[in-house]
Amino acid sequence: MTTLEEGWRQLHPRTVVVTVLTVAGILAGVAIPIIIGVLDDGDAILPILLIAIAGIVVVSAVAAFVDTMRYRHTTYRVTDERIELRYSWVLHKRRSVPRERVRTVDLTANPLQRVFGLAKVKIGTGQQTRDSGSHLTLDPVDKAVAEELRRLLLHREAAPSVEQTPGELAKLDWRWIRFAPISVTTPILGAAAFGAIMQVSEWFNAQGAVFRLVRYLFEDLSAVGLVGALVVIGVVVGIVGSLGLFVEMWFRYRLTREDGNLLMTRGLLNTRSLTLEQRRLRGVELVEGLGVRMLGAARVDVVATGMSQKSDDDKTDPKTVLPAAPFEVARRVATEVLGSPAATATSLVAHPRAARARRLRWGLFAVAVPVGVLAVLGWLLTTVLLHLAWILAVVLTPVAVLLALEAYRNLGHGLASDHLVTRHGVGARRTVALLRTGVIGWTITRSPFQRRAGLMTIHATTAANKGAYPVYDIDEVDGLRFADEAVPGLLTPFLEPVTPRGEDGLVCDGVDPEGNVFQLRQRDAL
Amino acid sequence: MEQQVRLRPPTNKVDPRAVRYWMTSEALSNGVVAIVLAVLAFLIEPARFWLLLALGVVLVIAIPYIIVMPLWRYRVHRWEVTDDAVYTRTGWLWQEWRIAPMSRIQTVDTARGPLEQAFRLSSVTVTTASAAGPIKIKGLDHELAADLVERLTEVTQANKGDAT
């Protein structure tokens, strides 16, 4: 063992055990279907099994060696100014992050790491870029050391400027699990289950057997009945799957405030502990999926810088700080996270009628295209398609109209003292409260149709999350005033007054309080 | 009654050479399609009628597009750099206005493709911390673009903080 210089520390040696077990486990998982696949009737199983075991042992040994060397040659230290990570075997790497720029210290642990009391620490600066100075990972260290590092690196002497309630903001209420199956994950998981069965049975050369089994089980059913039965099974599997996913993700969920930073811990098998520095927060987003909204629930996401890059190994979205929960809980959490009730208490202004007309046109167009295609085909080929066309038109038109009206109702915008609020969405309704000082520019788009209807779409650009939050189909004059008021001064130099055009191409540039035109000029040819 | 307002166009037009550049670039990309169709029509006799029909459709759409789009775009594309902000208008049918304050600009670059070089044009890319994409000013005279980048770089280097 190399002797360590002053202050330098090593990763945890048990990483080697974890790595070997992980590699061996994955190999065994891959080997079993292959063995069953290549095995014909009458073949002796023993030689194949021995080959497989030998292979697993050799590869695991290589993994153990590599990981041992990685462990022995990786050191890190925390000085007063920087966190440094050194790696020096075959190639030399050195990474260092200034402590004052550390914005996130995220702890994750998979089940194996947890058994061995380890955790992975990812220290980030909250920058959008992926350059080497932006983050470093200690994989893994002792769990207690990880906790201590998090506390040490995120502790700030400066008192938080916003009035903040210390302690717990939210913790898991098991009744929330009822919202889990009413989301897109249910059909996705249901469909994925069928896909997985087909895939696995193909590995085992057993697809034919699966089809025979299905036919045998549902012998008495007609084709329609069979499809119905399979859909029901898919839905049930999807529901079970989304319940399971909810438990895995949100088990022991706790959202707290620590030294002014948000801290979220959660997870059943893979545990995660995520921090969000208040300085990175640019707003909150209330997301109400269609089904969840009908049950009066909402999810809360944060809008924060350094969120757009998903970490490579953590598939869960770190921006969700509250799973779908009753609206009252979501309202309280959004308010406490933001330090302001802007997201729910701001009165929103509805958008012009023209926006509703646009949505109705989109909806009817979306119906007209398939109906039209079917009608033409029916006219050319067979009357069955003609009937299908009118049935489709009768069924889909009300749905399209309802969705269009719903989309229009969901449009809204408003200003709170520190935040601008915009809402939109058909299906999932999204309400964003964005910090006005976090707006770093405007993008205004207008289609030919919007120009004719006097509408525009204004995107508030920000350094957080996906980069821009839109206000759709706002009246053009209201939109410009809204943007001008939200971020004073930015838009002002580029605005000009519009006054009715006089005769001879003369326009007046202003009107005094008595209503006298005080400046006339020739209108520019545009 | 509150005063009605609208966005005024940015002060500067792009270089007039941009029109010919856009026409050339569209003519090249559409020309390739047309030539491929023509060659195939010449070689494959059984499908000649349909290939010529496709060629006709391409030409009927592409020729007005190649003439009208660049002229229209030249009327729309404008840019302005004040002491406080970068302001652009782009597009033709679908139009986009973008405003970024100087204090939030992170990097400024110029880029020139081979065709742009032939027309002595450059485009300037202004990046902010937003993930929604940079502001691009296309079709500038290359010397003007270089001066603009220099000026913007000077201003942004004076900025403190990480522009988020």
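Q: Where in α12(A) does the kink of about 30° lie?
A: The kink lies at Leu396(A), shortly before the proline Pro398(A). The bend at a residue is the angle between axes fitted to the seven residues ending there and the seven starting there. This is a predicted model, in which local features need pLDDT of at least 70 and side-chain atom pairs count only at pLDDT 80 or more, while totals for chains, interfaces and linings use all residues. Residues are numbered from 1 along each chain as its sequence is written, with chains lettered from A and ligands numbered from 1 in the order in which they are written.

Q: What should the 28 residues of α12(A) span?
A: At 1.5 Å a residue, helix α12 (residues 383–410) of chain A should span 40 Å, and its end C-alpha atoms are 40 Å apart, which agrees. The expected span is 1.5 Å times one less than the number of residues. Helices (H or I, at least four residues) and strands (E, at least two) are DSSP runs, numbered from the N terminus.

Q: Which residues of α12(A) are buried?
A: Ala389(A), Ala404(A), Ala407(A), Tyr408(A) and Asn410(A) are buried. Buried means that 20 or more other C-beta atoms, placed from the backbone, lie within 10 Å of the residue's own; exposed means 12 or fewer, and partly exposed is in between.

Q: Turning to chain B, what is the strand order in the open sheet?
A: The order of the three strands is β6-β7-β8, with antiparallel pairing. Two strands pair if DSSP finds at least two bridges between them. The edge strands are β6 (105–111) and β8 (135–141) of chain B.

Q: How many bridges join β7(B) and β8(B)?
A: Five bridges join them in the antiparallel sense. Thr125(B) has Lys136(B) in β8(B) as its bridge partner.
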